[in-house]
Every structure is written in C-alpha cells, then in structure tokens.
Amino acid sequence: MSSNPVAITTQGSEARLLQEGINAIATAEYKDYPMEYDKIFESEGSEKAYELDVSISGFGLASEKPEGNNISYDSEKQDFATTYVHAVYALGTIITMEAQMNNLYRDLVYKAGKMLKRSLVHTDEQLAADVINNGYDTGFTLGDGQPLFSTAHVLGKGGTFANRFSVFTALSQAAVEDALIDIEDYRDGAGLLIDARAESLHIPRSLRFTADRILASRFEPDSGNNAINPVAQIFPGGYHVNHRFTAQTDWFIKTDVDDGFKRFERMGYTFDTDNDFGTSNYRHKGMFYTSYGVTDPRACYGSGT
Amino acid sequence: MTAFGFAPIGTTDGADYHGKMRDVILDDGANAFVGDMLILGGTALAADTVPRLTPAASAAAGNTLKGALVSIYPDFTDEGSLVTNYHVSGADGVGKVCWGEDVIFAAREDALVGPIDGTVIGGSVDLITGTGSVITGISGMALDSSSAALDKVQALNLLQLDLQQGNVFEATVGGTGAIFNVSINPVA
C-alpha cells in the first residue's frame with residue numbers, strides 16, 4: 001500500500017511541463033485488468049445504513065409414527081445474522097490555478113477526474129479481494145462466528161460442516177475432485193442435503209497455468225494415462241484469476257448457493273468539483289458507498305491455507 | 001518501510017481543506033524534499049520577507065515544527081533546474097509549505113523497534129529524518145515508532161490510524177509500517 005505524499009498539484013509538481021520540448025509523458029497511464037470482483041460477488045442496491053441477512057433453519061427429517069402414537073413436530077428457527085455496514089470510500093485532489101493554466105501538455109483537471117475514477121475502481125476491487133484474502137483469518141468472521149473458510153461452520157439446528165480442506169491442498173485434478181465430492185454433501189441448517197453445484201474456480205495469478213492444465217485437458221493431466229479427465233470443463237463459469245489475491249497457492253470453488261458473496265451499492269462512483277474562492281485552487285473528489293461480505297458459507301469451498 | 005514524509009490531508013477543527021500554502025525561503029544549507037517537516041533554520045537575512053526554513057533534523061527542544069513542504073517553486077530563470085524534484089542545497093529556494101498546527105498530516109511509521117499500536121493513539125510521537133530521494137524528490141521522513149507514547153511532549157500529536165484502505169497496525173518489527181494521522185504539537 002502506498003499513500004499520496006503530495007495532496008496538492010502545483011507548478012512545481014510538474015515543473016518541466018511548463019515549457020515546450022517534451023517528447024512524451026510516460027508512466028502516467030496504463031491499461032487495467034477487466035473488473036474481477038463481479039466474477040465472485042453479486043451486486044445489490046441498498047437504501048439503508050446497513051443491510052441485515054438472517055439465516056434460518058427449516059425442518060429436519062420426518063419421524064416414523066407408530067399406530068396410535070402422536071406425530072412429532074418441528075419448527076423453523078432463526079440462526080444467525082450477517083450485517084453489512086456500508087462505508088464511504090473517497091479520494092480527492094487539489095490543483096492550483098497556476099498549475100492548471102501553465103501546464104502545456106496535459107489538462108490536469110480532466111486527467112484528475114480519470115485518475116480518481118481509476119483509484120476508486122482499484123479500491124473497489126481491493127475491498128472485494130480482501131474478503132477472500134481474510135478468508136482464513138479468525139479476526140474476520142461471518143454470522144456464525146467462523147471465518148469464510150472453516151472446518152467448523154455452524155448448522156443452525158446442531159452440528160457443523162466444513163467448506164474447506166482440513167489441511168492445505170494444492171490445486172490438482174484430485175483436489176478439485178475431492179472438493180466437488182465435499183460440496184455434494186452440503187446440508188442446510190436442519191441437516192438436509194442441498195443441491196449445491198460448483199460454478200467456477202477462483203485462483204491467484206500463480207495458478208493460471210495449473211488451472212488451465214487441469215480444466216482444459218480431455219485426458220488426465222500430468223500423467224501418461226489415457227484415462228479421461230473427469231473435471232475437464234466441469235465448471236460452467238470456468239476459472240477466474242484475481243490479481244489481488246495475496247496467497248499465491250490458495251484457491252477456492254464458488255458454488256451456485258444463493259446469498260453467498262454479496263456487494264451492496266449504497267452509492268455508485270460519484271464525482272464532484274469546486275473552486276476555492278480565496279486561492280482559486282481547483283478541487284475534485286470521487287466517492288462511493290459500499291460494503292462487501294458473505295452470508296452463506298456454502299457459496300464456496302476453499303483449499304485451506 | 002517506504003517513507004514519504006508528511007502529506008496534508010485535512011484540518012484538526014474539521015474546517016474544509018482547500019490546499020492553502022505559504023511561501024517560505026528554503027535555506028541554502030540543506031537539501032529539502034517534498035514532505036519534509038520544516039523548522040526555522042539557517043541565518044535569516046535582513047531582506048527575508050518570509051520565514052527561512054530548513055528540514056527538521058529531529059524535533060529537539062526548541063525546534064518547533066512549522067509545516068510540511070508540499071512543493072518546490074520552479075526557478076524559471078534556470079530551465080535546466082525544472083527537472084530537479086527537490087530543493088538542492090547551495091542556494092536559497094522558494095518552497096510552498098502547508099503551515100501550522102491546525103493541519104492533519106499523513107505519515108508512515110518506521111516500525112523499526114516497536115510498531116505503534118492502539119495503546120499510544122492520542123499521545124505524541126517524534127519524527128526521524130531518513131533520507132529523501134534525489135530521484136523522486138520525496139521526503140524520507142517518518143514517524144519514530146519507538147518514541148510514541150501516551151504523552152503530550154513530543155513534536156507531533158498522534159491522532160489516529162489513517163483510514164486508507166488496507167492500512168492496519170503493523171505487527172512486525174521492521175515491517176512496512178502503518179500510516180498515521182498526526183498534527184504539529186505546539187507545546188513540544
């Protein structure tokens with residue numbers, strides 16, 4: 001992480017651009033990766049200070065009723081709540097009138113707007129990636145008090161379940177198979193099986209080529225066997241690299257379970273400008289108002305770390 | 001740790017921050033880098049119409065900080081100097097300084113001995129000079145983590161952990177160091 005050491009652009013900030021003779025202005029603009037958070041998170045609008053998801057457990061299995069005996073009863077119950085408290089993220093810049101007027105090469109005001117937008121987009125992406133980056137950290141818990149990836153997620157009516165390997169398991173064909181087998185045993189809060197299906201694989205940049213070998217080969221990868229590769233093309237959503245994942249060996253599978261990865265947009269990217277009367281300094285700010293999180297941990301299965 | 005000196009980000013009384021600056025003379029006795037905290041220094045001349053400042057070597061007694069250097073005013077009489085990003089010693093220069101105790105600055109800690117944690121937030125902290133970059137022109141000044149204490153005697157008020165995304169208390173001695181918000185302590 002870095003911080004802008006100069007909040008104000010003056011003539012001295014880009015002094016050489018005050019006179020002609022420059023061939024090129026370098027390193028000011030780059031291409032960016034396409035948006036990555038939307039491969040993981042579903043976006044919803046919000047009109048409140050915070051949003052609350054409440055997890056519910058339904059009914060369990062029915063009981064045998066011997067002749068003349070009463071039936072047994074069950075009820076649904078509230079389990080745990082997941083709170084999404086939105087926060088405003090903002091950045092501004094100040095440009096002196098003289099710096100704007102005398103810069104011969106760049107419209108600083110126009111460029112400032114573009115750069116602010118870029119900073120907001122990168123911040124948005126980082127917020128999303130940090131949900132995964134903190135996924136094994138017990139300091140960042142979901143509604144059931146467990147981190148995103150845990151071997152002890154709580155079932156509302158008793159018991160626990162895992163949405164990760166108990167020990168770190170490197171990405172491989174066998175590991176994907178084992179994860180998919182575990183996902184097929186996901187249960188609801190009352191212990192009933194649910195039809196959870198793997199949707200996509202999410203990896204750091206270091207695993208791109210490993211993922212390609214595992215998912216694109218029709219035959220068993222990395223072996224001389226002609227056996228079929230049962231996980232080839234198994235993810236309808238394919239695999240997605242997230243360049244902000246910090247653990248370069250961790251990976252996870254996203255499932256099609258509802259109310260999993262959520263992004264609330266309280267206010268989209270918003271920009272504003274003004275000019276200070278006394279100094280004639282130009283100011284430009286960009287903001288957005290959002291929150292990220294996960295309600296149902298069945299939305300994923302992690303490699304361990 | 002990548003220090004960047006002191007960057008003005010707001011005001012202590014909540015007033016809107018417009019980027020106001022004051023001109024100062026940058027004394028010929030020392031290089032000065034953008035982000036450096038400045039103190040009165042050098043030999044003032046009768047013709048000086050604005051304060052003559054120099055980078056703080058440390059916040060020793062009597063060296064009350066005046067403000068942070070935010071820009072070097074270009075010397076238009078010497079076009080070759082326009083590519084120099086810092087004030088070069090040997091000649092006086094003109095600096096733009098964000099001035100006073102009402103300004104909130106962001107600065108990184110050095111985290112060399114014991115990183116700053118929540119037990120000293122609200123107290124005060126000293127600075128260390130580090131080495132500014134003659135390439136980027138950016139200051140090498142940082143907060144001296146080991147000096148942070150729950151008192152009011154050091155050069156800077158330690159206001160809070162900076163809220164920049166991803167900035168958290170540093171857990172590792174010698175690590176990157178966290179960024180904090182500080183203001184000049186007028187009683188130091």
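Mentor: First a term for what follows: strands here are DSSP runs of E, at least two residues long, numbered from the N terminus. With that, A:Ser280 lies in the loop between E11 and E12 of chain A. Keep in mind that this is a predicted model.

Trainee: Why is A:Thr27 called exposed, then?

Mentor: Its relative accessibility is 62%, and the cut-off is over 50%, so A:Thr27 counts as exposed. A:Thr27 is found in the loop between E1 and E2 of chain A, and it too has a positive phi, about 60°, without being a glycine.

Trainee: How do you know that E11 and E12 of chain A pair?

Mentor: Pairing takes at least two bridges. Twelve bridges join strand E11 (residues 261-275) to strand E12 (residues 282-294) of chain A, so they pair, and they run antiparallel. To see one spot, look at A:Lys262, which stands opposite A:Gly293 in E12(A).

Trainee: What makes E1 and E2 of chain A edge strands?

Mentor: The open sheet has five strands in the order E1-E5-E12-E11-E2 (chain A), with mixed pairing. Strands E1 (8-9) and E2 (42-45) of chain A each have a single partner strand, so one side of each is left without a neighbour in the sheet. Helix H2 (residues 108-133) of chain A packs on this sheet, touching E1, E5, E11 and E12, and its direction makes about 15° with that of E12(A).

Trainee: How do you know that the buried residues of H4(A) line one face?

Mentor: The buried ones in helix H4 (residues 208-216) of chain A are A:Ala211, A:Ile214 and A:Leu215. Seen down the helix axis they fall within an arc of 85°, so they line one face of H4(A). Their cover includes helix H3 (173-183), strand E8 (198-203) and strand E9 (239-241) of chain A.

Trainee: Why are A:Cys300 and B:Cys98 called buried?

Mentor: The limit is under 20%. A:Cys300 has a relative accessible area of 0% and B:Cys98 has 2%, so both are buried.

Trainee: How many disulfides turn up over all chains?

Mentor: Zero, in a search of the whole structure.

Methods: Residues numbered from 1 in each chain as written. Chains lettered and ligands numbered in written order. Predicted model: local features only at pLDDT ≥ 70, side-chain atom pairs only at ≥ 80, totals over all residues. Heavy atoms only, no water. Helix = DSSP H or I, 4+ residues; strand = E, 2+ residues; numbered from the N terminus. Contact = heavy atoms within 4.5 Å. Axes fitted to C-alpha atoms, helices over the stretch in contact; angles between N-to-C directions. Buried < 20%, exposed > 50% of the residue type's maximum accessible area, 1.4 Å probe, protein only. Arc of directions from axis to C-beta. Disulfide = S-S within 2.5 Å.
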